[in-house]
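Subject: Structure handover

Hello,

Here is the structure for you to look through. My notes follow below it.

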Amino acid sequence: MTVREVCTELKGISRRTFYRWQEIGQAPQAFKLPNGEWRMWRSDFDAWLHARERTAA
């Protein structure tokens with residue numbers, strides 16, 4: 001998934017918010033491509049999201 005796709009799935013958070021979460025270790029597991037763009041596996045994003053849902057409940 002791209003950063004844009006993640007932001008859209010999270011109801012339109014800004015890219016800056018995503019990168020801030022990444023800086024403080026609160027973003028989904030991601031990896032950087034040789035061209036400098038960040039990507040996430042869908043399974044990692046889903047696991048991250050489910051972990052947040054369990055914490056909020």
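First, a term for the notes: helices (H or I, at least four residues) and strands (E, at least two) are DSSP runs, numbered from the N terminus. This is a predicted model, in which local features need pLDDT of at least 70, side-chain atom pairs count only at pLDDT 80 or more, and totals for chains, interfaces and linings use all residues. Residues are numbered from 1 along each chain as its sequence is written, and side-chain values use heavy atoms, with hydrogens and water left out.

Salt bridges

A salt bridge here is a side-chain nitrogen of Lys or Arg within 4 Å of a carboxyl oxygen of Asp or Glu. Side chains of opposite charge can pair when their charged atoms come close. How many salt bridges does the structure hold? There are four.

Start with R42. Its side chain meets that of E9 in a salt bridge, at 2.9 Å from N to O. E9 sits in helix α1 and R42 in helix α3, so this pair ties together parts that are 33 residues apart in sequence. The side chain of D46 also forms a salt bridge with R42, at 3.9 Å from N to O. D46 and R42 are both in helix α3, four residues apart, which is about one turn of the helix. Through shared partners, salt bridges join E9, R42 and D46 into one network.

How open are these residues? I use three classes of relative accessible area: buried is under 20%, exposed is over 50%, and partly exposed is in between (1.4 Å probe, protein chains only). E9 is partly exposed at 38%. R42 is partly exposed at 38%. D46 is partly exposed at 28%.

Another salt bridge joins E37 and R39, with the closest N and O atoms 3.0 Å apart. E37 is partly exposed at 38%, and R39 is partly exposed at 22%.

Aromatic pairs

Rings of Phe, Tyr and Trp (its six-membered ring) pair if their centres lie within 6.5 Å; planes under 30 degrees apart count as stacked, over 60 as edge-to-face and the rest as tilted. A search of the whole structure finds four such pairs.

Take W21 and W48. Their ring centres are 6.0 Å apart and their planes meet at 40°, so the pair is tilted. W21 belongs to helix α2 (residues 15–23) and W48 to helix α3 (residues 42–56), so the pair ties together parts 27 residues apart in sequence. W21 is partly exposed, at 26%. W48 is buried, at 10%.

F31 and W41 make another tilted pair, 5.5 Å centre to centre with 35° between the planes. It links distant parts of the chain: F31 is in strand β1 (residues 31–32), while W41 is in the loop between β2 (38–39) and α3, ten residues apart. F31 is partly exposed at 30%. W41 is exposed at 54%.

There is also a cluster. W21, F45 and W48 form one aromatic cluster.

The nonpolar core

A nonpolar core is a set of buried Ala, Val, Leu, Ile, Met, Phe, Trp, Tyr and Cys residues joined through side-chain atoms within 4.5 Å. The largest one has eleven residues, including F18, A27, A30, F45 and W48. Which helix gives the most to this core? That is α1, with three residues. Both α1 and α3 supply at least two residues each.

Now look around A27. Contact means heavy atoms within 4.5 Å. Leaving aside neighbours within four places in sequence, A27 is in contact with F18, W21, Q22 and W48. Q22 is in helix α2 and is partly exposed at 22%. Not counting residues up to four places away, Q22 touches A27, A30 and W38.

Two single residues

T17 is in helix α2. Is it buried or exposed? T17 is buried, at 18%. A polar contact of 2.9 Å joins the side chains of T17 and S14. Such a contact is a pair of N or O atoms within 3.5 Å; within protein, one must be able to donate a hydrogen and the other to accept it, and residues adjacent in sequence count only if both atoms are side-chain atoms.

K11 has a positive phi of about 65°, although it is not a glycine. Most residues other than glycine have a negative phi. K11 is exposed, at 78%.

Best wishes
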